[in-house]
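Work through the exercises below with the sequence and the 3D view side by side. Try each task before reading its solution.

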Amino acid sequence: MKNLRYEFLDPFMKEEIIQENITKKELLKEFKKINWSNLVLDYYYFNNNENKACVINDFWYFQISYFNLNGQIFKLLIVPDFALSEALAKKELKFSIEYFRPKNTKAPIWKKILGDSKKILKIDYSSCTWQISLGETIKMVDLFLEGLHNDLDLKITGCGPLIKTRIK
């Protein structure tokens, strides 16, 4: 694992925080340090009253990335779910996650018809999952940081990208 980094942007920040060449332990500590519940509540309250100008970013996130020894990039994009009402804002915090990685995929049908059934390496393959708890999110971050990509593939199975699937 080379160049482990994270990017963090919350609704009230003008610029994202980027931390490069961080250790796994430091990264996990930084993720856990964020008060996600307060951010979701503050976003809901500021976005629904006269202080709307305080909200700078409608899309906010924590993204982790690194390169493997072959120079391929892996990313985990973590986005807290928005509160659409005060009741929802006070419920358990949920996250959506998009997982980017190189992956061998099946050849398209048209290639199979032409006799080429080789798998294709997609360098930015993505899948996503929604409505997961903070505890489960931390487990997925651990799997990602440990390079347990097969385990993540089993947990994150929705078709990506996240932004298209969140807007339904």
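The model is predicted, so local features need pLDDT of at least 70 and side-chain atom pairs count only at pLDDT 80 or more, while totals for chains, interfaces and linings use all residues. Residues are numbered from 1 along each chain as its sequence is written, and side-chain values use heavy atoms, with hydrogens and water left out.

**Exercise 1. The chain as a whole**

Task: State how many helices and strands the chain has, and in what pattern they follow one another.

Solution: 
- Step 1. Find the DSSP runs, numbered from the N terminus: helices are H or I with at least four residues, strands are E with at least two.
- Step 2. Count them: there are 7 helices and 7 strands.
- Step 3. Read along the sequence to get β-β-α-α-β-β-α-β-α-β-α-α-β-α.
- Step 4. Turn to contacts (heavy atoms within 4.5 Å). Among those in the chain with a separation of 6 or more, 63% join residues 24 or more positions apart.

**Exercise 2. The nonpolar core**

Task: Which residues of the largest nonpolar core touch the most other members?

Solution: 
- Step 1. Apply the definition: a nonpolar core is a set of buried Ala, Val, Leu, Ile, Met, Phe, Trp, Tyr and Cys residues joined through side-chain atoms within 4.5 Å. Buried means under 20% relative accessible area, exposed over 50%, and partly exposed in between (1.4 Å probe, protein chains only).
- Step 2. In the largest core, which has 38 residues, Trp36, Phe62, Ile64, Ile78 and Phe144 touch the most other members.
- Step 3. Elements giving two or more residues to this core include β3 (61-67), β4 (73-80) and α5 (134-145). The most, 6 residues, come from α5.
- Step 4. Look at Ile78: beyond its neighbours within four places in sequence, its contacts include Phe62, Ile64, Phe95 and Val141.

**Exercise 3. His149**

Task: Is His149 buried or exposed?

Solution: 
- Step 1. Locate His149 in helix α6, residues 149-155.
- Step 2. His149 has 16% relative accessibility and therefore counts as buried.
- Step 3. Leaving aside neighbours within four places in sequence, list its contacts: Tyr66, Phe74, Tyr99 and Phe144.

**Exercise 4. Positive phi**

Task: Where in the secondary structure do Asn3 and Gln131 lie?

Solution: 
- Step 1. Asn3 is not a glycine, yet has a positive phi of about 55°. Asn3 belongs to strand β1, residues 2-9.
- Step 2. With a relative accessible area of 26%, Asn3 is partly exposed.
- Step 3. Gln131, also other than glycine, has a positive phi near 55°. Strand β6, residues 120-133, contains Gln131.
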